[in-house]
Structure formats: structure tokens, C-alpha cells
Amino acid sequence: QVQLVESGGGLVQDGGSLRLSCQASGRAISSYAMGWFRQAPGKDPGTQREFVAAISWNGDNTLYTDSVKGRFTISRDNAKNLVYLEMNSLKPEDTAVYYCAAAFQFHLGNMWPPSYESYDYWGQGTQVTVSS
């Protein structure tokens, strides 16, 4: 089992920055590809969360959704069991609950990026609100 706890969310003005952290425990995340997802307010909780960014187990590969390219950066520190999402030039449309997720590399094989269904563990989320 892997437990994931997100932190770093908050209220920020349009154009501001935030750095989200995802602290893992239970197992080393070096065996996992990691992803960040978000769910905007008003969205049905039963619907698939929106992909934001992913990073491979060793950090060699990263992927971003088009709307955040050039503004967000995903990174990881396997020694500390931490994953980060640096968010710059934030916009009101970035307002959402942000979730961290882990996909077991052994199950992924050569799959990149991980499919939504490949993510085995999810955090509880952290709220990011960008005011205009």
C-alpha cells in the first residue's frame, strides 16, 4: 500500500505561483510513475479527473496537458519519497482540487504515459483557487 498526501494548495491571484507537494509513505515511490490530476469545481465526482502532468519512475520522462505546458513543472525526489508540481502563471481556470497518483512501474511495463486506469493509489487532494 502507498499512502499519498498532497499539500501546498491555497488561494492565489491570477498570475501567481504555487508549489504542490505529494508525500508518499508505505513504499518507495521509485517503483512508481507519478501523476498529477485535477477536478474543477462543479464537476461530477464520479467523472474521470483531468490529467495535468506525469513523470516516469526515474524522472527521465515527463508529460503535460497542453493547457499547462510552459507554466507547470513536475519533478520528483525519490530519496525523500516526494513529488512536486511547480505551478507558475496561474489562471482562474486552473482552479481545482489537485490530486497526486501513483502507478506501479512493474505493471506498466513499457507503457508511457500511464493510462488513467493504471494509477493504483490516489491522494485526498489539495484545493487550488486562483482569483481573477
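## A tour of strands and rings

Start with Arg49 and Trp122: the charged end of Arg49 sits over the ring of Trp122, 5.0 Å from its centre. (A charge sits over a ring if NZ of Lys or CZ of Arg is within 6 Å of the ring centre and within 35 degrees of the ring normal.) This is a predicted model, in which local features need pLDDT of at least 70, side-chain atom pairs count only at pLDDT 80 or more, and totals for chains, interfaces and linings use all residues. Residues are numbered from 1 along each chain as its sequence is written, and side-chain values use heavy atoms, leaving out hydrogens and water.

Keep Trp122 selected. (Rings of Phe, Tyr and Trp, the last by its six-membered ring, pair if their centres lie within 6.5 Å; planes under 30 degrees apart are stacked, over 60 edge-to-face, the rest tilted.)

Next, select β4, residues 32-39. (Strands are DSSP runs of E, at least two residues, and helices runs of H or I, at least four, numbered from the N terminus.) Eight of the eight residues of β4 are buried, so the strand is largely enclosed by the rest of the structure. (Buried means under 20% relative accessible area, exposed over 50%, partly exposed in between, with a 1.4 Å probe and protein chains only.) Look at both faces: Tyr32, Met34, Trp36 and Arg38 cover one side, with Ala33, Gly35, Phe37 and Gln39 on the other.

Now show the neighbours of β4. Strand β9 (residues 96-104) runs antiparallel to β4, joined by eight bridges. (Two strands pair if DSSP finds at least two bridges between them.) Ala33 stands opposite Ala103 in β9. Strand β5 (residues 50-55) is also antiparallel to β4, with five bridges. There, Phe37 has Phe51 as its bridge partner.

Go to the aromatic pairs; the structure holds nine. Select Tyr32 and Tyr121: they are edge-to-face, 6.2 Å centre to centre, with 65 degrees between the planes. The two lie 89 residues apart, Tyr121 being in strand β10 (residues 121-122). Both Tyr32 and Tyr121 are buried. Then try Phe104 and Phe106: the centres are 6.1 Å apart and the planes at 40 degrees, so this pair is tilted. Phe104 is partly exposed at 24% relative accessibility; Phe106 is exposed at 70%.

Finish at the open sheet, four strands in the order β1-β3-β8-β7 with antiparallel pairing. β1 (3-7) and β7 (72-77) are at the edges, each with a single partner strand, so one side of each has no neighbour in the sheet. Six bridges pair β7 with β8 (residues 82-87). Ile74 stands opposite Leu85 in β8.
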